[in-house]
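The sequence and the model are shown first, and a description by topic follows.

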Amino acid sequence: GYWTNNATWSGASFPGSGANESAFFATVATIAYTNILDAALPNPINNLAISNTIGAACLVVTNMVLTNTALVVSKGGRLRIDNGGTVTNSTGVTMAGNEGRIDVGAGGSWFNGAATIGSAASSNFVTLTGGGAPAWWNLRAGNLVIGNGNATGNAVTVNGAYVTNAAAVTVGSGATATGNRLVITNGGRFYSVSAAVGASGNRSSALIAGGPGVTSVWAVGGAVAVGGGANSLVIDGVGAFGSALLTSNGTTQCTLTLSGQSETILTNGGSAVLGGQTPTLSGSSNRLLVVGGSKLSGDASIWYSTIGGNDCLMVVNGTDSVYEGRIPISGGTHMFIGWNGSRNAVRVENDGVVTGLNVIVGYPSGGGSTNNLLSITGGGRMYSKLVTSYIGFVGSEGNTGLVSGAGSLWSVGADSVPFGSWGGAGLNMSGRSNVLLV
């Protein structure tokens, strides 16, 4: 074969024949070659490096266990694990060149620590595929970064397979990381502690998509942040998140979309924040879309939904599309439209429903929240809790509530009071030039 236990490749004995050996692949002019491992090696391997800078080198691990310390897949390198094959990298994996591939097929298992798919590199791909025995990737509490630094077009696809025990997952890390992506589809399952799509990077994306009769899941114990610029998270399956955040300094034009009868649950006291809550923690022109019969719900004792920053928009559109605060609260579950920001809007339309949240349009006091909008049209319905809702908090101005069209409804408390005072159950108006239109 074309692999050896020395970096210069002399055709010497195969890796693993002695103790503490590393393994390297030969650079062979313009050819593609494959080495198949289907029997146990005498010894574990230290470092495993797979590349062929002028051709392609593929290592196939099948029906055996390959143990090594660190794995590096560079330009022209291919690793395939399937049919009972297992690869264990005790310290982690790095794809540091361009156009590397790792494929974990049906019956394959991959164990490692931290993983970087595209470290200052482009067009690297990791694909896990289901089947009779779905592929399994266990990150052993390590972080996963898809596209780090000057990295473009790197991707991880979980197609009917399983990814478990991941710590922080980042899709697009750094201002020069663009167009990187994570796809969970066809019943794939992904479990992580936290997640960030576009951590200061641009045009990165994550997609959770179902398939014929199946549901894909991304379960995240903590926060999910969609940040940077023009990044997106699309959920057409199930997301179980601690919180969903489109925020942080400089977050612009980012989108979180729930569609196709998907369901996303925010747990662990999580909040949905679109834009930001303070002048120093804010963003602009971000979008949260709950459409096509999907549901976003807060299943926590205290849950805040904030549309802050400037020019941010939340839309709940279509029959069976629901934005829900599940737990009965006395004063703790609120939707703030325009927290320290202007020209933010929530639109509930075309039979969409928002329930279980007190609403404050324009918050807090001090004049920093202006020209924000709550619009309920086309049969949209909003049901607020038994605590005060506001159009214009003290000191805010130019904020508007609009209820228009047949079947459109805003129900505020058990006994709705059109214009009350602070502390009373019902609908209140404070500040200057704030308007309710019915």
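## Terms and basis

A residue is called buried when its relative accessible area is under 20%, exposed when it is over 50%, and partly exposed in between, with a 1.4 Å probe and protein chains only. By this scale Glu-99, with a relative accessible area of 42%, is partly exposed.

The model is predicted: local features need pLDDT of at least 70, side-chain atom pairs count only at pLDDT 80 or more, and totals for chains, interfaces and linings use all residues. Residues are numbered from 1 along each chain as its sequence is written, and side-chain values use heavy atoms, with hydrogens and water left out.

## Overall architecture

The protein has zero helices and 44 strands. Helices (H or I, at least four residues) and strands (E, at least two) are DSSP runs, numbered from the N terminus. Of its 438 residues, 54% count as buried.

The accessible surface comes to about 15800 Å², and carbon and sulfur atoms account for 53% of this area; accessible areas come from the Shrake-Rupley method with a 1.4 Å probe, and for residues only the protein chains shown count as cover. A contact means heavy atoms within 4.5 Å. Among contacts between residues at least 6 apart in sequence, 72% join residues at least 24 apart.

## Two residues with positive phi

Glu-99 has a phi near 65 degrees, a positive value in a residue other than glycine. Glu-99 is placed in the loop between strand 8 (86–95) and strand 9 (101–104).

Ala-230 is not a glycine, yet its phi is positive at about 60 degrees. The loop that holds Ala-230 runs between strand 20 (223–226) and strand 21 (232–236). With a relative accessible area of 33%, Ala-230 is partly exposed.

Gly-172 belongs to strand 15 and is buried, at 0% relative accessibility. Leaving aside neighbours within four places in sequence, Gly-172 has contacts that include Ile-146, Ala-177, Asn-180 and Ser-204. The C-alpha atoms of Gly-172 and Thr-152 are 8.5 Å apart, although 20 residues separate the two in sequence.

Tyr-162 is also found in strand 15 (residues 162–173), but it counts as partly exposed at 34% relative accessibility. Together with Trp-136 and Tyr-191, Tyr-162 forms a nonpolar surface patch with about 270 Å² of accessible area. Patches are made of residues with over 30% relative accessible area and no salt bridge, in which like charges are joined within 9 Å and nonpolar side chains (Val, Leu, Ile, Met, Phe, Trp, Tyr) within 5 Å.

Rings of Phe, Tyr and Trp (its six-membered ring) pair if their centres lie within 6.5 Å; planes under 30 degrees apart count as stacked, over 60 as edge-to-face and the rest as tilted. The count comes to nine aromatic pairs. Phe-190 and Trp-218 make an edge-to-face pair, 5.8 Å centre to centre with 70 degrees between the planes. Phe-190 lies in strand 17 (residues 189–199) and Trp-218 in strand 19 (residues 217–220), so the pair ties together parts that are 28 residues apart in sequence. Both Phe-190 and Trp-218 are buried.

The rings of Phe-336 and Tyr-363 form a tilted pair, because their centres are 4.9 Å apart and their planes stand at 45 degrees. This pair links Phe-336 in strand 34 (residues 334–339) with Tyr-363 in strand 37 (residues 358–363), 27 residues apart. Ring pairs join Phe-336, Trp-339, Tyr-363, Tyr-390 and Phe-393 into a cluster. Strand 37 is largely enclosed by the rest of the structure, because five of its six residues are buried. Strands 34 and 37 run parallel and are joined by five bridges; two strands pair if DSSP finds at least two bridges between them.

## Salt bridges

A salt bridge is a side-chain nitrogen of Lys or Arg within 4 Å of a carboxyl oxygen of Asp or Glu. The structure holds eight salt bridges. One of them joins Asp-103 and Arg-101 (3.1 Å, N to O).

In another, the closest N and O atoms of Glu-324 and Lys-295 are 3.7 Å apart. Glu-324 lies in strand 33 (residues 322–325) and Lys-295 in strand 30 (residues 295–298), so the pair ties together parts that are 29 residues apart in sequence. Glu-324 is buried, with a relative accessible area of 18%, whereas Lys-295 is partly exposed at 26%.
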